[in-house]
Amino acid sequence: VSPHSPSSRPRATMSRRAVIVSTARTGLTKSFRSGFNNTHGAVMQGHAIKHAIEKAGISPGDVEDVIIGCGFPEGATGMNIARNAALWAGCPVTTSGTTINRFCSSGLQAVASAAHSVMVDGVDVAIGGGVESISMVSPVASKTTVTEEKLMSEFPALWMPMIETADIVSARYGISREAQDVYSVESQRRTAAAQEAGLFKDEIVPMKATMLVTDKETGETSHKTVLADRDECNRPGTTLEALAGMNPVRSKVDPSAFITAGNASQLSDGASACVVMSEAEASRRGLQPLGAFKGFAVAGCAPDEMGIGPVFAVPRLLARHGLKVDDIDLWELNEAFAVVPLYSMQQLGIDHAKTNVNGGSIAIGHPFGMTGSRMVGHALLEGKRRGAAKSAVVTMCIGGGMGAAGLFEIF
């Protein structure tokens with residue numbers, strides 16, 4: 001390494017600012033029955049990394065480390081998918097990579113971890129992102145889960161299906177089915193309006209894929225080349241009447257269940273990447289960052305009500321920065337289920353007009369480990385479009401009973 005290269009120059013630590021200089025992601029396709037149902041995680045994530053690097057105007061060799069979050073880092077997203085995706089993207093063997101898991105907050109955790117490496121360890125250029133192939137991994141993961149006797153006895157909800165925890169939160173805290181359906185219709189409407197206005201084009205990079213097609217009558221499979229250039233999960237014509245007519249998914253085991261396919265996030269596949277850099281390095285290169293990473297906080301809660309996690313993580317984050325809820329201009333609050341943002345907004349006093357302004361996972365889709373990174377990129381891009389927005393919080397609930405929240409300054 002040259003003694004004059006950025007990676008070898010002495011640099012002060014603990015006072016460095018981490019900025020996000022670019023973001024790129026795939027469009028989101030419906031799991032099992034659409035474009036990415038046969039696409040390896042390294043391909044999706046590599047595509048996002050490659051284009052994030054190109055958008056930043058840097059060389060692949062400038063990236064010191066790639067940190068990728070994945071909800072289920074096994075099978076087609078296993079074998080340290082971060083390292084493999086970095087190499088797929090064209091990064092040299094000198095670029096390292098690590099895969100991290102905090103379930104649905106994995107992508108947000110990855111961006112925060114990349115920022116921490118810049119702020120504390122003196123890294124000049126890193127990538128944080130997330131990937132999920134529900135299509136290729138979930139069928140395998142569901143057959144290989146192994147419980148542990150002591151934990152199953154004391155915390156059985158660690159293995160509880162997320163949809164059951166959402167039903168519990170709905171009943172325990174009085175969030176009605178109607179309120180959830182009303183919220184979901186609005187999410188669909190906002191996403192449709194944003195798509196019509198082209199508000200996702202700055203973040204989505206089109207990608208060709210080979211889709212596996214199964215004949216329903218014969219069971220025979222064939223392959224079809226598709227172009228994933230948009231999020232395809234949105235249902236623009238969704239009405240409250242249509243959602244009200246849907247049966248809850250768990251109605252057979254729980255007649256009082258709330259959660260339907262219409263007021264829950266949609267299973268989807270995709271990947272996202274954000275280039276994170278020291279502010280000094282971005283300035284030296286003449287780059288215009290999208291915003292800065294300011295902080296990150298997590299909190300735990302009971303596993304059977306994991307959906308309330310943001311209610312504990314957000315106050316912790318804001319208190320550490322001397323902020324109040326009203327100080328935040330934009331909120332990205334993951335719509336794992338409609339009950340999650342509804343309860344969080346109610347308890348924290350968050351204005352719905354500032355929250356998920358272009359819709360969320362109910363309409364856009366939710367590849368578990370990818371969503372947090374997508375939300376970071378979208379919040380920064382939307383903030384720049386609005387001009388007056390200077391701060392954003394990205395927050396989400398997490399399986400096992402946790403919440404996470406990240407604070408970002410918008411440039």
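Trainee: Which residues do ring pairs link into a cluster?

Mentor: Bear in mind that this is a predicted model, where local features need pLDDT of at least 70, side-chain atom pairs count only at pLDDT 80 or more, and totals for chains, interfaces and linings use all residues. Residues are numbered from 1 along each chain as its sequence is written, and side-chain values use heavy atoms, with hydrogens and water left out. Rings of Phe, Tyr and Trp (its six-membered ring) pair if their centres lie within 6.5 Å; planes under 30 degrees apart are stacked, over 60 edge-to-face, and the rest tilted. Ring pairs join up a cluster of Phe72, Phe103 and Phe368.

Trainee: How many residues apart in sequence are the parts that the pair of tyrosine 173 and tyrosine 343 ties together?

Mentor: That pair is tilted, at 4.6 Å centre to centre with 40 degrees between the planes. Helices here are DSSP runs (H or I, at least four residues), numbered from the N terminus. Tyrosine 173 sits in the loop between helix 6 (162-172) and helix 7 (177-196), while tyrosine 343 belongs to helix 11 (residues 339-348), so the parts tied together are 170 residues apart.

Trainee: Is tyrosine 343 buried or exposed?

Mentor: Go by relative accessible area: buried is under 20%, exposed over 50%, and partly exposed in between (1.4 Å probe, protein chains only). At 8%, tyrosine 343 is buried.

Trainee: Which helices do the buried residues of helix 6 pack against?

Mentor: The buried set is Ile163, Thr165, Ala166, Asp167, Ile168, Val169 and Ser170. Counting contacts as heavy atoms within 4.5 Å, these residues pack against helix 7 and helix 11.

Trainee: Which element gives the largest share of the lining of the largest pocket?

Mentor: A pocket is an open set of points on a 1 Å grid over the protein atoms alone, where a 1.4 Å probe fits, with protein on both sides within 12 Å along at least five of seven lines; lining residues have an atom within 4 Å of a point. Of the 41 lining residues, the closest to the centre are Phe72, Ser138, Met162, Leu267 and Phe368. Elements giving two or more residues are helix 4 (134-144), helix 6 and strand 11 (391-398). The largest share, six residues, comes from helix 4.

Trainee: How far from cysteine 91 is the nearest cysteine sulfur?

Mentor: A disulfide needs two cysteine sulfur atoms within 2.5 Å, and the count here is zero. Cysteine 91 is buried, at 5%, and cysteine 274 is buried too, at 0%. The sulfur of cysteine 274 is the nearest to that of cysteine 91, too far for a bond, at 15 Å.
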